Amino acid sequence: MIKKITLIFAICFMSQLAVGQKSRGDRFFEKGDYINAAKYYETALEKERHKKDLENIAECYYNTFQYRLASRHLKQLVKGRFGEKDKSYNNEYNFKLYQILSALGDYEAALVYLKLYKENNSATLDVAESIETIETFKLKTPDYKIEKAQFNSEASDFGAVKFGDSVYFTSDRDVNQLFGKTYKWTHQPFLDIYVAAVNKDIDTVGYTKALPKNINSKYHEGNFCFSKDGNTLYISRSNIVDGKREFNNAKTNDIHIYKWVKENGKWLEPVKLAFNKNGFSYQHPALSPDGSKLYFSSNLEGGFGSFDLYYVALSEDEISEPVNLGATINTENREHFPFISEEGHLFFASNGHLGLGMLDNFVSELVDNAFTAPTNLGVPINSQYDDFGINYYNENEGFFASNRNKKDDNIFKFKQSGPIFIREYINTFEIRDAVTKEYIPNAQVVLSNRKKAEIYSNTLDDTSVFNMNLLADHYDLKAESEGYYAKTLPVEVLEKQDQKHVLYLKQIPPPPPVVVDPVEAIITEKKIDKKLKEEDPTRFALLTDVDGPPVIEKDGKLFFKLAPIYFDFGTWNIRADSKKILDELSAKLERYPDIYLKISAHTDSRGSAKYNQILSERRAESTRNYIALEGYINARRLSFKGFGEMEPIVPCPMLNCTEEEHQLNRRSEFEIIKY
């Protein structure tokens, strides 16, 4: 929930308000009351559609996480569906539409707008490559196990930090504030810092209470950090002068960083750090492990984008001027929530680096005193929604926050279970005969990366084996040898060592003595009785049709024989590589309008039986929906059913299956039930 997280540092797009008489929607919008503003804009748009109203209502729904409504109005805006003759619009709305469509899971459509946004900023984007990258994030072996923290409330909770036997966090929960002030943006109380006593499992024991009033003001207190001894506290909070909020020239209350010092067990009065300047926000403070640097996020002028990451050097006598972390880390959009691990690695949240949607958590490894290009931490740390504020309290455990419940922020605790930095892994490749399973001598091999660039080629000896150290990614291995058909094997290198990939080649049979009619060949191959042509001409036509996906007969039933319809592990979205297969099926169904089809989906045995049953049903339904909506096939002709893990091709007792065997079980079948 980036809007609350940044402590409401500014109300964007204020310059777009109409000059002169303001509507009710404009007045609420100007105050940051987006919930009420949207109601009046909806009424106004029913009468007449103006560009300004479309811009503002899209902002309202974006800021209140109603992404489908926001996308509807943004699409009208970018397509020029408003009354004004000037159909131009601010390029930032292309980026917002990219974010919103990503949050809704429509990555292909989202990246079209990201490409447009970048091109308008004189940059480029390869959409196909970006889709592959996002799919890699989703396919990435999970490096974390997560669980929602027990001390969450119905309100927004984020920014958890463990110190001693307690966890401190930020929340806008309503505690003894029945008649207190509320923030217009959220209609919730202002943000304060709370503390909860926890046990070794980070479960609440005893109290959860707000920090004292000399720390929590009547306005916003947000992200914070402690010094190692716990006697110094840095907090980003509403810029306050003499107990009142100070506003900048744009009538916005900035966020500044304050410092508290504890003496004799009591917190002294706060001191605003000297580098804070009115007109800019400074937020999300984080100390380096040795306490010599304070990192934060700011919209200081001269940066790379909306909010960049900075640091200042700390000493007993003075604080340096802010230093920008540079273009490797910062983008033209938002970078927030820095955290420096004990090893010096930088964790942060960004919506500018390519991710799964909205804010994602990233890490940059410290190598030779410089931060490397950021790595997306993937699922489950990241989702389609805002994921942010990751920090560790020991070597492999910590917290992060997310609004993946589509409403408020929640704190999650995590345990790191695998390596998070990109490493090379040992992979062995073998070329064998498909029948004898023996090595094929003198095989010529070419290994290519996802960009089709050749990274290894060789003619192997009698033992057709070679080893390569490879990054986790997708590759293609092509092999050929005299007397064999050439073949290409898609290779998925996972984040584990000692993987083996075997490419089986089929021998080329001797040429047939005579040219056989294709239909006759099919009749022979499938052992079709020629009487079938008169007895059941439609069945005969289906079995002998060589155009499009072939029809086969099993146990007296007819099935379309298709290449595998792959789904990402644990998901039911139709992948890009399967859409072409379903498009070909749809084309054939259109040629046979009397065919009725039953779609059956099966999963592998990983996960619970109940989960797999639900997953298979959703995959079957997703397949049906794609054929109906994208292939324009009447949905009444299509039925579907999920079988979960109950009918495997390869039994997997104790999950003792290879990834290839699991993939065989994770399949879809297409039975012709009427023609």
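1. Buried residues make up 50% of the 675 residues in this protein, where buried means under 20% relative accessible area, exposed means over 50% and partly exposed lies in between, using a 1.4 Å probe and protein chains only. Please keep in mind that this is a predicted model, in which local features need pLDDT of at least 70, side-chain atom pairs count only at pLDDT 80 or more, and totals for chains, interfaces and linings use all residues. Residues are numbered from 1 along each chain as its sequence is written, and side-chain values use heavy atoms, with hydrogens and water left out.

2. On the overall build, the protein has 14 helices and 39 strands; these are DSSP runs numbered from the N terminus, with helices being H or I of at least four residues and strands E of at least two. Its C-alpha atoms fill a box of roughly 100 × 65 × 50 Å along the principal axes. Of the contacts with a separation of 6 or more, 55% are between residues 24 or more positions apart, a contact being heavy atoms within 4.5 Å.

3. Now the surface and the charges. The 87 positive and 98 negative charges have mean positions 7 Å apart. Lys and Arg count as positive and Asp and Glu as negative, without His or the chain ends, and each charge is placed at NZ of Lys, CZ of Arg, CG of Asp or CD of Glu.

4. The largest nonpolar core has 39 residues, of which C60, Y67, L74, Y98, L111 and L114 touch the most other members. Such a core is a set of buried Ala, Val, Leu, Ile, Met, Phe, Trp, Tyr and Cys residues joined through side-chain atoms within 4.5 Å. The elements giving two or more residues to this core are α3, α4 (51-63), α5 (67-78), α6 (92-103), α7 (107-120) and α8 (127-139), and α6 supplies the largest share, 7 residues. Apart from this core lies another, of 29 residues, with V551, I595, I599 and A628 among them.

5. L74 is in contact with A58, Y93, K96, L97 and I100, leaving aside neighbours within four places in sequence. L45 sits in helix α3 (residues 34-47) and counts as buried because its relative accessibility is 13%. Beyond four places in sequence, L45 touches H50, D53, L54, I57 and H73; the C-alpha atoms of L45 and I57, 12 residues apart along the chain, are separated by 9.4 Å.

6. Turning to the rings, there are 32 aromatic pairs. Rings of Phe, Tyr and Trp (its six-membered ring) pair if their centres lie within 6.5 Å, and planes under 30 degrees apart count as stacked, over 60 as edge-to-face and the rest as tilted. F275 and F296 are stacked, at 5.0 Å centre to centre with 10° between the planes. F275 is in the loop between β14 (271-272) and β15 (282-287), and F296 is in strand β16 (residues 293-298), 21 residues apart. Both F275 and F296 are buried.

7. F429 and F466 also form a stacked pair, 4.9 Å centre to centre and 15° between the planes. Because F429 lies in strand β28 (residues 424-433) and F466 in strand β31 (residues 465-471), the pair ties together parts 37 residues apart in sequence. F429 counts as buried at 0% relative accessibility, and F466 counts as buried at 5%. Elsewhere, ring pairs link Y144, F339, F347, Y392 and F414 into a cluster.
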